[in-house]
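Trainee: I am new to this structure and would like a friendly walk through it. Could we look at it together?
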Amino acid sequence: MTTFDLFAPEPDDAALMAQLRQTLHDHAHRYYVLDAPTLPDAEYDRLFRQLQALEARHPELITPDSPTQRVGGKPLEQFAAVRHAVPMLSIRTETDTQASGAELFDARIRRELGLTALDPAIDYVAEPKFDGLAMNLRYERGVLVQAATRGDGEVGEDVTQNIRTIGQIPLRLPAGVPAVLEVRGEVYMRRDDFEALNDKQRAAGQKTFVNPRNAAAGAVRQLDPAIAAQRPLSFYAYGLGAVTPPEAGGPVWQSHFELMQTLKSWGFPVSELVKCAQGAAELVAYYDAIGRQRDALGFDIDGVVYKVNSLALQRQLGFVTREPRWAVAHKFPAQEMLTSVLAIDVQVGRTGKLTPVAKLAPVFVGGVTVTNATLHNEDEARRKDVRVGDTVIVRRAGDVIPEVVSVLLDKRVDEPAIFTMPRLCPVCGSAAVREEGEADYRCTGGLFCSAQRKQAILHFAQRRAVEVEGLGDKLVDQLVDAGIINTLPDLYRLGFTALANLARMADKSAQNILDALEKSKQTTLPRFLFGLGIRHVGEATAKALARHFGQLDAIMDAPEDALLAVADVGPIVAKSIRTFFDQAHNREVVEQLRACGVTWAEGEPAPVAAQPLSGQTFVLTGTLPTLGREEAKALIEAAGGKVAGSVSKKTSFVVAGAEAGSKLDKARELGVAVLDEDQLKEMLDGGA
């Protein structure tokens with residue numbers, strides 16, 4: 001692919017125009033045909049404007065294949081070609097991303113109509129600029145007979161079968177509609193549907209989509225309609241193509257808004273955000289209002305569209321080469337831009353999660369200057385192959401943390417190092433571990449790590465743990481931010497003066513906190529264990545550990561094998577407990593809490609009753625006749641057995657139901673005994 005290096009020395013104008021044409025063609029092909037964009041919209045628009053300016057300076061150098069002379073994009077070869085009865089022209093883009101862009105449009109329209117300041121305001125229609133795929137729906141005698149993409153504006157792609165899967169699009173219209181009616185609109189994907197689709201793709205181990213626009217385009221261009229039907233698409237109507245003319249009995253509309261209301265009455269979805277606006281002032285107000293709502297909408301928009309409302313005036317204004325004079329697309333500040341990665345840091349969250357963050361050369365995106373973008377986790381950073389020094393596309397949508405969308409590999413210099421997550425917490429130096437089946441690394445120093453300090457204190461003080469009444473989020477924020485509390489034991493070293501001097505803290509409130517802290521010193525071993533915040537150790541597990549071992553020291557020193565003997569503890573939980581107490585600073589915090597007077601009753605380990613499945617490891621596969629998967633797992637664990645997720649040489653039995661898959665094959669390959677549900681029940685009852 002040929003790309004234009006923005007930082008290269010400027011060649012002569014003819015060569016520069018040739019480079020720009022090739023670059024724009026390449027990126028238009030990737031965007032419209034391959035659905036794999038490599039350049040943000042704002043950057044494409046900037047290069048397009050640069051070419052327009054050069055062609056205005058040198059009209060003799062304009063070529064018929066210039067992107068400025070056509071709409072862009074060609075139909076895919078896999079679909080039948082459809083020649084549009086009325087060309088699907090694109091709308092001129094107003095590049096001023098301030099509200100004054102609306103005033104510029106109004107001034108141009110008034111000038112072209114020959115109006116003076118004394119003439120009344122022009123009536124406009126304003127609507128959101130949907131970020132989807134333009135579609136032409138052709139109805140003959142009220143029945144949908146064809147759906148076609150924009151393509152190059154003259155010829156599109158026949159995607160009728162896929163469009164029929166969109167529930168919002170009527171297949172048959174009510175009586176009285178024109179014999180021929182082409183409705184134009186946008187096929188798009190809602191944000192919640194997009195997130196659900198990507199969750200489904202990730203769960204299936206398949207490629208995720210870059211954004212809702214490309215997910216919608218990919219669904220429309222599926223060759224198999226059954227697959228397209230599984231992709232949640234939506235549609236909004238915004239205009240007409242060919243229609244039976246009035247002289248042949250077709251409808252007569254006076255305004256665009258009237259036309260839209262008619263489409264709505266015929267069953268087409270029309271956005272509730274479509275409004276009439278009088279003059280420039282109301283266009284400006286509309287631009288500002290939609291801009292404020294933009295992030296709260298259920299779908300993506302990248303601007304608004306203004307249209308002269310009167311159809312008679314539209315006909316009078318007419319068209320230029322590639323766009324109507326009577327309409328303009330007024331864009332919002334870009335939410336995707338190019339920048340470079342200066343470094344990749346790792347941040348530690350309140351719960352100990354480690355997140356790689358790209359430190360960026362400052363770039364203005366979506367109305368703010370962005371310097372950081374999340375890479376989510378090690379797998380995601382490697383999937384996108386983000387490295388220090390790379391040129392990347394960064395996206396920001398509303399208050400969502402900015403993220404790196406993709407890397408421009410053709411701009412990579414040399415071969416920078418692949419990102420690897422550190423194995424020690426960058427804040428406290430504790431081990432950073434990634435559990436089996438997890439995407440994230442986590443710091444194991446929960447009681448010691450300053451990044452987790454507030455979360456650790458709130459968890460320890462909650463009602464289900466040691467319970468310090470009155471110690472909530474705001475007070476913990478004050479105590480930690482002021483440096484009064486650094487670790488859990490500092491809670492029990494608080495003095496009256498330190499508390500009373502806090503903002504909005506009366507003497508009586510301070511004393512109440514001290515009384516609650518004193519009361520919390522008398523707790524139980526299960527509550528204390530739960531309060532430590534050991535990953536995967538909930539209230540039930542804490543009770544099972546206390547009942548089994550009787551004493552905290554026995555739990556802290558227990559090897560994994562001993563922990564696995566506890567009915568509620570599996571391999572992941574046992575490893576998590578062992579990792580927690582293997583951190584010297586976690587043990588130190590426990591000892592300091594004891595020294596501060598936190599105490600509980602301890603006893604002897606509970607006698608272990610003989611259990612029929614003790615020491616046996618089971619794997620469940622397929623659908624059992626009467627037992628659900630979770631129910632069978634609970635019964636096995638209650639009888640002393642363990643349930644694993646995969647078959648290995650250590651597996652004692654595989655319990656197989658209907659439609660058992662690869663796990664059953666693996667069991668047979670390894671010679672592992674296979675049980676049905678009845679045989680499992682016999683073992684649960686104590687049978688051999």
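Mentor: Let us begin with a term: buried means under 20% relative accessible area, exposed over 50%, and partly exposed in between, with a 1.4 Å probe and protein chains only. This is a predicted model, so local features need pLDDT of at least 70 and side-chain atom pairs count only at pLDDT 80 or more, while totals for chains, interfaces and linings use all residues. Residues are numbered from 1 along each chain as its sequence is written, and side-chain values use heavy atoms, with hydrogens and water left out.

Trainee: Is V274 buried or exposed?
Mentor: V274 is found in the loop between α8 (256-265) and β9 (275-278); helices (H or I, at least four residues) and strands (E, at least two) are DSSP runs, numbered from the N terminus. Its relative accessible area is 10%. By the cut-off of under 20%, V274 is therefore buried.

Trainee: Which residues does V274 touch, leaving out those up to four places away in sequence?
Mentor: Contact means heavy atoms within 4.5 Å. With that cut-off, the residues V274 touches are V125, A126, E127, F257 and Y286.

Trainee: How far apart in space are V274 and K543?
Mentor: In sequence, V274 and K543 are 269 residues apart. In space, taken C-alpha to C-alpha, the distance is 59 Å.

Trainee: Why is helix α12 largely enclosed by the rest of the structure?
Mentor: Helix α12 covers residues 453-461. Its buried residues are R453, K454, A456, I457, L458, F460 and A461, and what covers them includes α13 (473-481), α16 (525-531) and α21 (584-595). Helix α12 is largely enclosed because, of its nine residues, the number buried is seven.

Trainee: What radius of gyration does the chain have?
Mentor: The radius of gyration is taken over C-alpha atoms, and the globule rule is 2.2 Å times the number of residues to the power 0.38. A compact globule of 688 residues would come near 26 Å. The chain has 33 Å.

Trainee: What share of the residues of the chain counts as buried?
Mentor: The chain holds 24 helices and 24 strands. Of its 688 residues, the buried share is 49%.
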